[in-house]
Amino acid sequence: MLNLQVSSTFPMCRLKSSFSTEDIHGRIPIKRMEMRSVVCGVALLVMLLSGVQAFLPGGNGGNTHVTITENALMKKMSEVCKAVVESEGREFKPTGSSVEELLRACLGSATGQVSAAKFHEALNQIYMENSLVDRDFMASNPHHFNSESFNGGRTLITQGTAAIKANIRKGSFQAARETLGRVLHTLQDFYSHSNWVELGNKKPYPALIRPDLTISNIADVYTPTCSDCASGTCPNQLQPFILSRKKLTSGYMGLFSANKPKGKCSHGGAADLSSTQNPRGGISKDERRAHNADLHNTAVSLATEASLELLEDIRGAAGNKDYLRLMGITRSAVLCFVIDTTGSMADDIAEAKRVSYSIIDSKKGTQDEPSEYILVPFNDPAFGPLIRTADPDVMKAEISKLGANGGGDVPEMCLSGLQLALTGAPASSLIYVFTDAPAKDTHLEKNINALTHRTKSAVYYLLTPSKRSARSVSPQVRSGFQLYYDLALASGGQVIKVSKADLPRATDIIIDTSTSALVTILQKARDPGSVESFPFLLDASLSSVTVYITGDSLKFTLHSPSGVSQSDSAGKGSLAVIQTVGNLWRVQLNSPLETGLWNISIVPTQAYTIKVTGQSVNTFIYNFVEDFKGPHPGYAVIYGRPQKGLPAKLLLTVTGQKGAETLKVQEVALVEVSGSRLADGVIQEMGGGNFLVTVSEVPEGEFVVMMKGEDVATSSRFQRQSTTLTSLSNVIVTATVNSTLLPGEDFIQPFTVKTSGTGGTYTITIGNDRNIPLTYNTKLNLVSGVSTESTVILKPPANTASGTDVTLTIAAEGPGGADSNYAVLRLSVLAKVTDLTPPVCEIVGVSGICLSSCTNYTWELSVNITDGNGSGIEDISVQQGRGNFSQEAVVDGGITVVMGRYSASCCAPDVTLSVVDKEGNVGKCSYSVQNRGGVSLSLSLLLWACLLLSALNTMQDVLLLF
């Protein structure tokens, strides 16, 4: 029988004897480690040791998955930020309790303005995927640990965690976040839906997240577990036998049937039909009620603590820096280039090299240094690979390898390269495409639109039409260039058309926009061009405000709030510095910036676009959502286009310098970019800077989100605008990620298509960014109002690396192309995991004297690390500490042992070493020096054994003398 009162400490440092494979309670099986003479020899040299610090419990109350997840994520982020800051020799001192102030303390004052938008965006991805489990897997027992489905639920957690770690190793952070949200939901449900709390446990169950452990002592299907509760509000329905024998059970959930095994507990609640059958009632602790208040509070506390343990395991595998990237915490923007490398692009490639070198060299070590660099070359017929690095020198080396060759015919594989960039870059990235030719792969247009809508990334095209493309008059080429304009507008980017000689002057827009805390204040497009004035609000938080206008043969006049004007002909005026190159006008407003309502009047002869940007931490993020019903109703993100005929709903999150409380949201509207219609929304404050906005009458055309309000801290009104165009659709494409892909094996992904409009034959187009062969029906016959099911089969190659994410785009287009919609899924490839046991990190020695005055003293820690017969050590890192770590590998008894030494100042008394094997299993050593005239004396079993052996040998020698 399993003793459920087990330690919650995740496999940290194991201070164990060399002949043992588990601790004295049998709780933590580990790989056998025989180090004999090596370990004893080192152990006999050391004098002082201390114990391992326990994992700190988390959780401060709450009654929803979102609040539990938020509490755990924020606590862990604070821990990781503190460790990173201290490792850099800085003090971690947030100036307040807001997320923004925490981020500033984490990233440092040298980062200038710190926007929390990407962090909120990452959190929202996790929260939304967490809540979607209640919709997409409502009837799945393992996802909720219902109906005693313990092994199935645990498998979801351990396999999901393995996928998260593999995704992070491959840089697939968005896929990792989505899986993390789902895994956390299932983990948290265990404590509410099972009887773990009723059994008196005060710590989380390690077996849920430890793949090397198993869940046992589960009540079998024939064992009655509950007594009858007619009122449904009994404090504890569990049978005495279940409590005394520590049997594990959970409530049965009957959404569609009241049947359940005889004598079994029900989940309970109005939606559970089985709760009306004897034994009636239920043991769910989802809601806090008078009869279960203490049980509910304990379940919340344990769910929070368990979430913290899972996050700590992921942090250990990822390392501190990648963990922060998983949470969306980065210094600045991502620099992403998609470059045509065909024969006519030599000059353009040279300029791309120049501008990238300039950005890298000028911003290295500054607040605006890009947090990541992405490069995607494309040619014809080849394109890719995607090259991603956080090291500027590596990116310079990769760009230096680019050369112009190949091509031939005019169109090139531009959209294929762009698709790779959109799926590989973080959400809300700015992507710059260099080309002189139209696209050959125009069939990817719907994929590109779907991806830009899903990622909210903006695409800028720097076009330098070559003589060969200029001479071509084919309709396909014309439509190819027009396609760039359409795609740029839909994403919120622009097309900058210049000669090859003028390209160096046009790339200033890349330098402008590759900066931290970039916001859009206004964006409009007119085709055909018409005389019009555009007002826009500038507030006190803004800096580096720039107006970009693209269009040929136009004139404009800029008007300030105080009535001062400047025309386009004044290059350096009282309001701005105006530069022009090709079809681009770049208007940089002078500092200090005058706040208030500005206006720009444009007199065009052709189509044009206008975009006003600036730098500010006051901004917002948003998602269109729909509500769903069920036992646990909520809101689900609409990743495609919202449905026609229904009010549009948005979940909107605001963020500011001192937190959301300093921003007063006064107006949220859907605004046409190519028109003038504006539809106001009804704003409902949800707390924590979150708002639910309902728009009853949605514009018919394409629109963006406009937010206006007041910055209470500066008493100035502000205006912000999203950039990605959205429109409504009668078509709905639905698909849910349910599992990972295995290399070399078929994977079947179901999806459904439904229309509230015209029925008929719909064209299905499915693509992916990994060139994995797909099998699916290209035509579906739809009846209005009826869902039609279908599938697509993928088979990733057998050599596909574990952790590879596959972005699958499913598009459905109605008869005649009149209406369409799409779904975008992120799937993960995960090879079968055979090594389930964490590496062993063993402290074998501590030396040095640390007095109360720490400045002139140092200390050292010696460790031995091994993975036994496992997959092998992948990485050893200092998770916490400000010292230096060195290592040397030796082979002892056929086992590779890494002998490590950590040295630090006594002013840095704490250290945690994280050891990760090639499967992502994590082992740790933690130590803390006590500054009291030395370090405390505490010997491990290993050292006692070695010292005892030495003493016995000495005594034997002495006895022989007699």
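Y432 is buried, at a relative accessible area of 1% (buried means under 20%, with a 1.4 Å probe and protein chains only). F337 is buried too, at 2%. The model is predicted: local features need pLDDT of at least 70, side-chain atom pairs count only at pLDDT 80 or more, and totals for chains, interfaces and linings use all residues. Numbering runs from 1 along each chain as its sequence is written, and side-chain values use heavy atoms, without hydrogens and water.

**Aromatic pairs**
- The structure holds 19 aromatic pairs (ring centres of Phe, Tyr or the six-membered ring of Trp within 6.5 Å).
- F337 and Y432 pair edge-to-face, 6.3 Å between centres and 70° between planes (edge-to-face means planes over 60 degrees apart).
- F337 sits in strand β1 (residues 334-340) and Y432 in strand β4 (residues 430-435), so their pair ties together parts 95 residues apart in sequence (strands are DSSP E runs of at least two residues).
- One aromatic cluster is formed by F145, F150, F190, Y191, W196 and Y205.

**Charges over rings**
- R454 lies over the face of Y639, 3.7 Å from the ring centre (Arg CZ or Lys NZ within 6 Å of the centre and within 35 degrees of the ring normal).
- K456 places its charged end over the ring of Y622, at 4.9 Å from the centre.

**Second largest pocket**
- Its lining comprises 45 residues, with D486, L487, L489, A490 and E702 nearest the centre (a pocket is an open set of 1 Å grid points, over protein atoms alone, where a 1.4 Å probe fits, with protein on both sides within 12 Å along at least five of seven lines; lining residues have an atom within 4 Å of a point).

Notes. Phe/Tyr/Trp six-rings, centres within 6.5 Å; stacked < 30°, edge-to-face > 60°. Helix = DSSP H or I, 4+ residues; strand = E, 2+ residues; numbered from the N terminus. Buried < 20%, exposed > 50% of the residue type's maximum accessible area, 1.4 Å probe, protein only.
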